[in-house]
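Please keep the sequence and the three-dimensional view at hand while reading.

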Amino acid sequence: MEHYSSNVVILSFGVAYVGSYLAITVCEQYRQSRLGVVELRFPQATYLALMSACLGGVGIWCMHFVGMSAVSMQDADGNIIDVRFDIGLTILSLVLVLVFATVGFMISSHDGMFTKSK
């Protein structure tokens, strides 16, 4: 039997919203710096790393872990089932999310169609 904490699920959506907002904001600044509209304080590679960390760390990875903590499972006898995470696989999942988010931002920030429409 499973029970969900609605407050933790709402918190998970909030984490996803904040992460997405931060990532899109930084991505737009990075894109505008490539067009010469704004000047960045940091090197462009630093902004790319910040974008992937915002979306990968806050938006995707943390949202899933917060969401998974909303579940409380019980076996047939009513005993609570403990959920444990392997630290190695957990860190590997974070690294993979950061790598794929970085690749995604590299693709999206170099989008020729969007650049032409602005």
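Ser-12 is a residue of helix H1, which spans residues 6–35. In this predicted model, Ser-12 counts as buried, with a relative accessibility of 7%. Leaving aside residues up to four places away in sequence, Ser-12 touches Met-63, Val-66 and Gly-67.

**The sheet**

Strands of a sheet pair through backbone hydrogen bonds, either parallel or antiparallel. Here, an open sheet of 3 strands is arranged in the order E1-E2-E3, and the pairing is antiparallel. Strand E1 (2–4) and E3 stand at the edges; each has a single partner strand, so one side of each is left without a neighbour in the sheet.

E1 and E2 run antiparallel and are joined by 3 bridges. Within this pairing, His-3 has Ser-72 in E2 as its bridge partner, and Tyr-4 has Val-71 in E2. On the other flank, 2 bridges connect E2 and E3 in the antiparallel sense, with Met-73 opposite Ile-81 in E3. E2 and E3 also form a hairpin with 5 residues between them. In the turn of this hairpin, Gly-78 has a positive phi of about 90°.

**The aromatic residues**

A pair of aromatic rings is described by the distance of the centres and the angle of the planes. How many aromatic pairs does a search of the whole structure find? The search finds 2 aromatic pairs, and the table gives their geometry.

| Pair | Centre to centre | Angle between planes | Class |
|---|---|---|---|
| Trp-61 and Phe-65 | 4.8 Å | 40° | tilted |
| Phe-65 and Phe-85 | 5.2 Å | 55° | tilted |

Trp-61 and Phe-65 both belong to helix H2 (residues 44–68); because they are 4 residues apart there, about one helical turn separates them. Trp-61 is buried, its relative accessible area being 19%, whereas Phe-65 counts as partly exposed at 25% relative accessibility. The cut-off for a buried residue is under 20%, so the value of 19% places Trp-61 in the buried class.

The pair of Phe-65 and Phe-85 has its ring planes at 55° and is therefore tilted. This pair links distant parts of the chain, 20 residues apart: Phe-65 is in helix H2, while Phe-85 is in the loop between strand E3 (80–81) and helix H3 (87–109). Phe-85 is partly exposed, with a relative accessible area of 46%. Trp-61, Phe-65 and Phe-85 form one aromatic cluster.

**The largest pocket**

Rolling a probe the size of a water molecule over the atoms shows where empty space is left. The largest pocket holds about 160 Å³ of space. Which elements give two or more residues to its lining? They are H2, strand E2 (71–74) and E3. E2 gives the most, with 3 residues.

Two residues of the aromatic cluster, Phe-65 and Phe-85, are among the lining residues. The lining also includes Met-68, Ser-69 and Asp-82. By class, the lining comprises 8 nonpolar, 2 polar and 1 charged residues.

How values were computed:
Residues numbered from 1 in each chain as written. Predicted model: local features only at pLDDT ≥ 70, side-chain atom pairs only at ≥ 80, totals over all residues. Heavy atoms only, no water. Phe/Tyr/Trp six-rings, centres within 6.5 Å; stacked < 30°, edge-to-face > 60°. Buried < 20%, exposed > 50% of the residue type's maximum accessible area, 1.4 Å probe, protein only. 1 Å grid on protein atoms, 1.4 Å probe; cavity = no way out; pocket = protein on both sides within 12 Å on 5 of 7 lines; lining within 4 Å. Points joined across faces, edges and corners; volume = space filled by probe spheres on them. Nonpolar A, V, L, I, M, F, W, Y, C, P; charged D, E, K, R; others polar. Pairing = 2+ DSSP bridges. Contact = heavy atoms within 4.5 Å.
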